[in-house]
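Hello,

Here is the structure I promised to pass on. Please open it first, then read my notes below.

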Amino acid sequence: MPEPEPDLRKKYDAVIIGSGAAGGMAAHVLTGHGLQVLLLEAGKKLNIEQELRSMEWPYDNAHRGGLPPGSHALNHNEYTIRRPPYGPGFEKSKNLYSYIGSTDYVKNIVVNERENPYTGTNYAWVRARCLGGKTNIWGRLALRLSDYDFKAKDRDGYGENWPISYSDIAPYYDKVDLYLGITGVKENLPYLPDSLFQRATKLNCAELTLKKGIQKMGRVLTQYRAGVTTDGLKHNKYRSRCYGRGACSRKGGCDIHAAFDSPTGLIYPAMDTGNLTLRTNSVAREITVDPQTGKASGVHFTDSETLKDYTVRGKAVIVAASTLESARLLLLSKSRLYPNGLANSSGHVGHNFCEHIMGPYVAGQATDLVGKPPTLDDGRPGSFYLTRFRNLSEKHPKFIRGYGFEGGSGSGMFPPGTDSPGFGASFKEEIRRNQGSHIAMGAFGEVLSRYENFVDLDPVVKDKWGIPALRFHYKFGDNEHRMAADMKETAQEMFEAAGFKIIFVSDRVLTEGWSIHELGTARMGDDPKTSVLNQFQQSHDVKNLFVVDGSAFVNASCQNPTWTIMALCWRSCDYLADQLAKNDL
Ligand SMILES: Cc1cc2nc3c(=O)[nH]c(=O)nc-3n(C[C@H](O)[C@H](O)[C@H](O)COP(=O)(O)OP(=O)(O)OC[C@H]3O[C@@H](n4cnc5c(N)ncnc54)[C@H](O)[C@@H]3O)c2cc1C
Ligand code: SF4
């Protein structure tokens with residue numbers, strides 16, 4: 001799609017920074033209101049279909065889908081043993097990626113760690129710097145939050161409540177469902193509200209056995225609620241319906257865009273309105289401020305290729321660079337009026353940083369399926385989600401909040417068990433006999449939001465563009481470790497209840513950051529002394545500044561955040577457009 005050159009003399013109604021789930025949604029909503037919008041994205045516009053090659057067979061790839069020589073993706077041990085920045089020690093690898101960058105298909109989507117260093121405590125920070133950001137390769141699990149999350153403090157006394165309730169955001173979840181498409185099954189659970197689902201995927205034999213096995217424990221297993229259109233979307237010409245090719249799980253990303261991604265779901269349709277100007281390769285380095293009014297006046301950015309600097313002007317500035325990059329940008333935007341960074345009179349920018357703890361899991365086998373004919377299970381955009389059950393009606397004695405499990409079973413292109421001993425024809429036969437019987441699941445739990453978990457700017461280390469790097473001060477706490485021990489126990493107990501043979505069970509906690517669900521660095525609240533944004537993600541300090549990504553979350557809940565990021569953003573951008581129309585920004 002041709003991109004018009006932005007007119008840098010013009011004052012745009014809104015300048016958006018970042019083109020992922022949040023920036024894409026802001027572009028969609030604001031252009032829909034008829035506003036003239038400029039979208040700045042630090043990364044390139046990739047030929048994404050060429051990158052993802054969803055239908056490529058492993059044997060047609062020079063490295064069977066792995067990275068080419070000279071490239072390396074960090075593994076769990078390396079994250080644990082080494083401290084960031086992770087470049088030193090890997091001099092032989094010209095390209096160094098986060099753990100997600102371990103395939104040929106995502107190597108140009110995730111950042112090169114050398115160009116984008118960070119420092120401080122261990123953290124597996126996954127960043128995608130290209131048009132669409134992380135939505136090009138996200139795992140698609142699309143869940144709602146409920147008042148068990150928004151009003152969690154009322155239930156256990158910890159932290160803060162959100163300044164909104166489920167009823168405030170429910171209509172916006174509906175809008176996101178209808179505009180982008182989601183598959184799943186209604187369960188009528190008060191703690192995990194249903195979406196407006198399209199055609200559901202099917203559970204397979206072992207998954208149904210687990211579902212039934214845990215019903216007597218009052219626990220719920222449901223189809224993976226995937227941000228994927230299974231029926232198609234008549235209003236979107238850039239996306240196909242899902243053909244169940246299963247390739248999204250194998251490689252990340254869907255080259256026919258049945259799985260939601262921000263460019264085809266939001267940005268290209270916004271460009272079709274004629275109201276959106278997109279500039280890629282534009283690294284925002286500061287939000288500029290009018291010293292007379294104290295309001296945001298625009299954005300100072302560097303072209304990532306030519307290294308030329310530019311400043312653009314906007315009536316409103318919308319920060320959507322992802323939770324940690326947005327905090328970095330606010331902290332970088334220091335001025336005489338705002339010496340601690342923009343929107344930071346509370347001192348909370350970068351703080352209350354939270355996410356999900358991952359690691360504990362169980363692998364097992366439905367022995368009655370051994371030797372049964374293979375089924376076609378590879379063709380689903382997701383398998384199952386086992387919903388939260390802790391601290392709902394009862395109170396757990398050892399920890400607060402909850403966790404859920406993501407898992408799957410069935411015959412796939414890469415069957416489990418290939419690491420078992422043996423070789424030759426008998427080995428292959430053994431793998432074939434067992435493959436459809438394997439089942440596994442891993443937990444995602446809420447990491448409590450704590451002021452002491454924070455990011456700030458490193459005084460020395462800078463990125464490729466000379467911009468100060470982010471420094472982490474972040475660790476899981478006792479509540480998370482006690483929860484992880486419980487995850488292991490309940491995983492095992494549920495597999496036993498289903499009658500599965502347990503093959504492996506682990507309570508090993510993965511490095512901080514592994515969940516790629518970072519949240520909370522500019523939380524919303526009613527009190528400007530303890531929060532950065534109001535309920536519309538508008539800065540308490542700077543009226544025409546909005547931060548519309550996961551930064552605004554007050555707690556992490558245990559549900560994956562992207563659907564909530566987009567619903568909140570839609571609500572905030574409706575408000576922004578209304579205020580702009582009233583000349584009240
Ligand atoms: C492998 C993987 C699996 C995931 N699975 C799930 C899942 O199953 N469910 C779920 O809910 N979530 C999942 N996520 C997380 C999900 O992708 C994020 O929640 C979502 O993309 C956040 O949107 P965002 O707009 O805040 O950030 P991003 O999508 O990261 O977009 C931010 C954009 O801002 C740009 N940017 C950053 N800094 C600057 C700057 N200074 N100037 C200009 N532009 C800038 C970046 O280049 C990027 O394009 C997953 C993520 C990954 C990587
Ligand atoms: S299973 Fe559906 S969403 Fe996943 S790659 Fe195939 S078509 Fe795309």
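**Histidine 473 and its surroundings**

The side chain of histidine 473 makes a polar contact of 3.0 Å with the side chain of aspartate 456. A second polar contact, of 3.4 Å, links the side chains of histidine 473 and arginine 471. Bear in mind that this is a predicted model.

Where does histidine 473 lie? It belongs to strand 16, which covers residues 468–473. Leaving out residues up to four places away in sequence, histidine 473 touches Thr121, Glu452, Asn453, Phe454, Val455 and Asp456. Arginine 279 is 194 residues away along the chain from histidine 473, and their C-alpha atoms are 33 Å apart.

**Two buried loop residues**

Start with asparagine 204. It sits in the loop between helix 6 (166–180) and helix 7 (205–215). Its relative accessibility is 9%, so asparagine 204 counts as buried.

Now serine 515. Its place is the loop between strand 17 (501–506) and strand 18 (545–547). Serine 515 counts as buried because its relative accessibility is 5%. Its side chain reaches the backbone oxygen of histidine 356 at 3.2 Å. Neighbours within four places aside, the contacts of serine 515 are Glu355, His356, Met358 and Phe444.

**Helix 9**

Helix 9 runs over residues 262–272 and is mostly covered. How many of its 11 residues are buried? The count is 10. The buried stretch includes Ser262, Leu266, Tyr268 and Met271. What do the buried residues of helix 9 pack against? Three helices are involved: helix 1 (21–32), helix 6 and helix 13 (562–581). Strand 2 (37–40) and strand 7 (276–279) are packing partners too. Just after helix 9 comes glycine 274, with a positive phi of about 85°.

**The ligands**

Ligand 1 is surrounded by 36 residues. The closest are Glu41, Lys134, Gly139, Leu141 and Thr562. Some polar pairs can be picked out. A polar side-chain atom of lysine 134 lies 2.9 Å from an oxygen atom of ligand 1. Glycine 139 places a polar backbone atom 2.7 Å from a nitrogen atom of ligand 1. Alanine 284 also has a polar backbone atom by a nitrogen atom of ligand 1, at 2.9 Å.

Where does ligand 2 sit? It is in the largest cavity. Around ligand 2 there are 13 residues, and the closest are Cys242, Arg245, Gly246, Cys248 and Cys254. By type, the shell of ligand 2 holds 10 nonpolar residues, 2 polar and 1 charged.

Over to you.

Terms used: Residues numbered from 1 in each chain as written. Chains lettered and ligands numbered in written order. Predicted model: local features only at pLDDT ≥ 70, side-chain atom pairs only at ≥ 80, totals over all residues. Heavy atoms only, no water. Near = heavy atom within 4 Å. 1 Å grid on protein atoms, 1.4 Å probe; cavity = no way out; pocket = protein on both sides within 12 Å on 5 of 7 lines; lining within 4 Å. Sits in = over half its atoms within 2 Å of the grid points. Nonpolar A, V, L, I, M, F, W, Y, C, P; charged D, E, K, R; others polar. Helix = DSSP H or I, 4+ residues; strand = E, 2+ residues; numbered from the N terminus. Buried < 20%, exposed > 50% of the residue type's maximum accessible area, 1.4 Å probe, protein only. Polar contact = N/O pair within 3.5 Å; in protein donor to acceptor, adjacent residues only side chain to side chain. Contact = heavy atoms within 4.5 Å.
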